[in-house]
Amino acid sequence: MTHPLPSPAQPLKIGTRGSPLALWQAHEVRRCLGVAFGLPDEAFEIVVIKVTGDQILDKPLKEIGGKGLFTREIEEALIEGAIDIAVHSMKDMPTVQPEGLVLDCYLPREDVRDGFVSPGVASLADLPQGAVVGSSSLRRRAQLALRRPDLRLVEFRGNVQTRMRKLEEGVAVATFLAMAGLNRLGMAHVARAAIAPEEMLPAVAQGAIGVERRVSDQRVEWMLSAIHDRDTGVRLAAERGMLARLDGSCETPIAGLAVIEEDVLWLRGEILRPDGSESITGARRGGLSDAAAMGRDLAEELLGRAPAGFFSWR
Ligand SMILES: NCc1[nH]cc(CCC(=O)O)c1CC(=O)O
């Protein structure tokens, strides 16, 4: 089936947040679609949408509260037809999309690892006793507290530049940023080391860009199928299958990573107490066709092994 392609007169509208990373990702989706269909940049219009999460920078995310803090306004624009597709960091996306929207197109995944960022300390292992470390990620805070109970954790939000400034001002001696974001922004040099997944299991879907669309838009469905990366799709199906079964409220630090090796899908998952006093990990391996079921199955195991009171909301 073919459909009319977008053109400079009738451009495809790409919705995104306005952060430097989000803009990079939207341009990358435009580039991929442009290559796939032989279209010039002018056949696309990048529409920047203000989201609540970007406007409140002085509070921890969990206090502002609610899922979709970075996505609600963008999804509304998509439903209303103000944009035709929405580009997201999959790591920030809830496992369930609003009625009428689907999120099943992923670009090839970037580096999944967390980067250790510090002006003065070479690696995680070199952090002195009692050092102050900045992070607002529940997962990173819990993983760090588990490994290094001596460290002092402070909230750290904002884009890469803001965080680097805070480090220079001495608010903390180190922080963590996804290598994917740093690589995309040409800032990988600020990471002193990339942390192996065995040492710090990344967030579910870290490093993956997703493109959301309206269920009813068959032209966009057809166009997106040309840029979708199947391996990334399988890996995210496993990781997000696990997350969907685990994530009651976003209040639990959860990590997960699936990899494909010679047609075998491997999935590792971790749930932690927010204070890092306990971690439960598990793994599965299997075929590529039942990825989501593998994720749910691993989630069941982790839930079954969690003692009463492990989850703050239950
Ligand atoms: N939560 C913010 C966020 N969402 C996606 C990325 C990085 C890029 C990615 O994982 O695809 C980041 C910043 C970070 O964690 O360093």
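**Chat about strands, sheets and a ligand shell**

User: Hi! Which residue stands opposite Leu 265 in S12?

Analyst: Ile 260 stands opposite Leu 265 in S12. Keep in mind that this is a predicted model.

User: Thanks. In what sense do S11 and S12 pair, and over how many bridges?

Analyst: S11 and strand S12, residues 264-272, pair in the antiparallel sense, and eight bridges join them.

User: What sheet does that belong to, and in what order do the strands come?

Analyst: The order is S11-S12-S13, three strands in an open sheet with antiparallel pairing. Strands S11 (254-261) and S13 (279-286) stand at the edges with a single partner strand each, so one side of each has no neighbour in the sheet. On average, neighbouring strands here are turned by 10° against each other, direction ignored.

User: Which helices pack on that sheet?

Analyst: Helix H9, residues 230-246, packs on the sheet and touches S11 and S12; its direction makes about 150° with that of S11. Helix H10, residues 291-305, packs on the sheet too, touching S12 and S13, and its direction makes about 150° with that of S13.

User: Switching topic: which residues are around the ligand?

Analyst: They are Ser 89, Lys 91, Asp 92, Leu 177, Ala 178, Ala 180, Gly 181, Gln 206 and Gly 207. Strand S8 (174-178) and helix H7 (179-184) are the elements that give two or more residues to this shell.

User: How does the shell divide into nonpolar, polar and charged?

Analyst: Three of its residues are nonpolar, four are polar and two are charged.

User: And where does the ligand lie relative to the domains?

Analyst: The ligand lies between domain 1 (12-107 + 208-228) and domain 2 (114-195), because both give residues to the shell around it.

User: Which other domain does the assignment give?

Analyst: Besides those two, the domain assignment of the protein chain gives domain 3, covering 239-305. The C-alpha centres of domain 1 and domain 3 are 25 Å apart.

User: OK, back to strands. What about S1: mostly covered or mostly open?

Analyst: Strand S1, residues 12-16, is mostly covered, with four of its five residues buried. S1 pairs with strand S2 (residues 44-48) in the parallel sense over five bridges.

User: Which residues in S2 are the bridge partners of Leu 12 and Ile 14?

Analyst: For Leu 12 the partner is Phe 44, and for Ile 14 it is Ile 46.

User: What sheet are S1 and S2 part of?

Analyst: An open sheet of five strands, in the order S2-S1-S3-S10-S4, with mixed pairing. S2 and strand S4 (101-106) are at the edges; each has a single partner strand, so one side of each is left without a neighbour in the sheet. From one strand to the next, the twist averages 30°.

User: Which helix lies across S3, S4 and S10?

Analyst: That is helix H8, residues 218-225, which runs at about 160° to S10.

User: Last one: how many residues of H5 are buried, and which are they?

Analyst: Seven of the ten residues in helix H5 (138-147) are buried, leaving the helix mostly covered. The buried residues are Arg 139, Arg 140, Arg 141, Ala 142, Gln 143, Leu 144 and Ala 145.

Notes. Residues numbered from 1 in each chain as written. Predicted model: local features only at pLDDT ≥ 70, side-chain atom pairs only at ≥ 80, totals over all residues. Near = placed C-beta within 6 Å. Nonpolar A, V, L, I, M, F, W, Y, C, P; charged D, E, K, R; others polar. Domains from an automatic or database assignment. Pairing = 2+ DSSP bridges. Axes fitted to C-alpha atoms, helices over the stretch in contact; angles between N-to-C directions. Contact = placed C-beta atoms within 7 Å. Buried ≥ 20, exposed ≤ 12 C-beta atoms within 10 Å, placed from the backbone.
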